Amino acid sequence: MTVMAATSSLRPEPFVPRTAGTGGAVLALLLLLTACSSPGEEDHATPTAAGSDEAMTIVISEFSYQVPDTVPPGASVTVRNEDDVGHTVTSDEPEIFDVPVGPGEEVTLTTPDEPGQYPFHCIPHPQMTGTLVVG
């Protein structure tokens, strides 16, 4: 008689000690939290209002801007043009930012270092306006 071993692509469950009462649940939670961090590692993540990528993205679609509520000073923000024509993200105040974005392209804009409200427009389509809030 031949016995064949079955293989599985499933990962084994991590070992979690089980004890009676609520103490076991607390111990299991502490072990889980400890396993999720490295010694000396600190969390430097900045909270965001939406998904991590979308919270730092200006989307141009149907000749309008969709702008994040607030972005950090000096941050890199993705500008994604979903239209079939080119646009710009140009600050109303000269020399703050001026980013051309071709159809279907994504480019990066660096936000000003000073907190504040920065109105902007599209040079070829002046009816397109928005405000970048840096805070």
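Which residue in E5 does Thr88 stand opposite? The residue is Pro100. I shall return to that pair after some words on the model as a whole.

What you see is a predicted model. Its mean pLDDT is 74, and 60% of the residues reach 70 or more. Over residues 1-52 the pLDDT is below 50, and this stretch has 9 contacts in the model beyond near neighbours in sequence.

The secondary structure comes to 1 helix and 8 strands. Read from the N terminus, the elements follow the order α-β-β-β-β-β-β-β-β. The chain has 135 residues, of which 27% count as buried. It exposes about 9700 Å², with carbon and sulfur atoms supplying 55% of that area. Among contacts with a separation of 6 or more, 44% come from residues 24 or more positions apart.

Let me now turn to the sheet. Four strands form an open sheet in the order E5-E4-E7-E8, and the pairing is antiparallel. Strands E5 (98-101) and E8 (129-134) stand at the edges; each has a single partner strand, so one side of each is left without a neighbour in the sheet. On average, neighbouring strands of this sheet are turned by 25 degrees against each other, direction ignored.

Why can E4 be described as largely enclosed by the rest of the structure? The reason is that 5 of its 5 residues are buried, buried here being under 20% relative accessible area. In a regular strand, side chains alternate between the two faces of the sheet. In E4, His87, Val89 and Ser91 point one way, while Thr88 and Thr90 point the other way, and all are buried.

On one side, E4 is joined to E5 by 4 bridges, and the two run antiparallel. The hairpin of E4 and E5 has 6 residues between the strands, and within the hairpin Glu95 takes a positive phi near 65 degrees.

E4, residues 87-91, also pairs with E7, residues 116-121, in the antiparallel sense over 2 bridges. Which residue of E7 is the bridge partner of Thr90? That partner is His121. Ser91, in turn, stands opposite Phe120 in E7.

Thank you; I welcome your comments.

Conventions. Residues numbered from 1 in each chain as written. Predicted model: local features only at pLDDT ≥ 70, side-chain atom pairs only at ≥ 80, totals over all residues. Heavy atoms only, no water. Pairing = 2+ DSSP bridges. Axes fitted to C-alpha atoms, helices over the stretch in contact; angles between N-to-C directions. Buried < 20%, exposed > 50% of the residue type's maximum accessible area, 1.4 Å probe, protein only. Contact = heavy atoms within 4.5 Å. Areas by Shrake-Rupley, 256 points an atom, 1.4 Å probe, with all protein chains shown as cover. pLDDT = per-residue confidence, 0-100.
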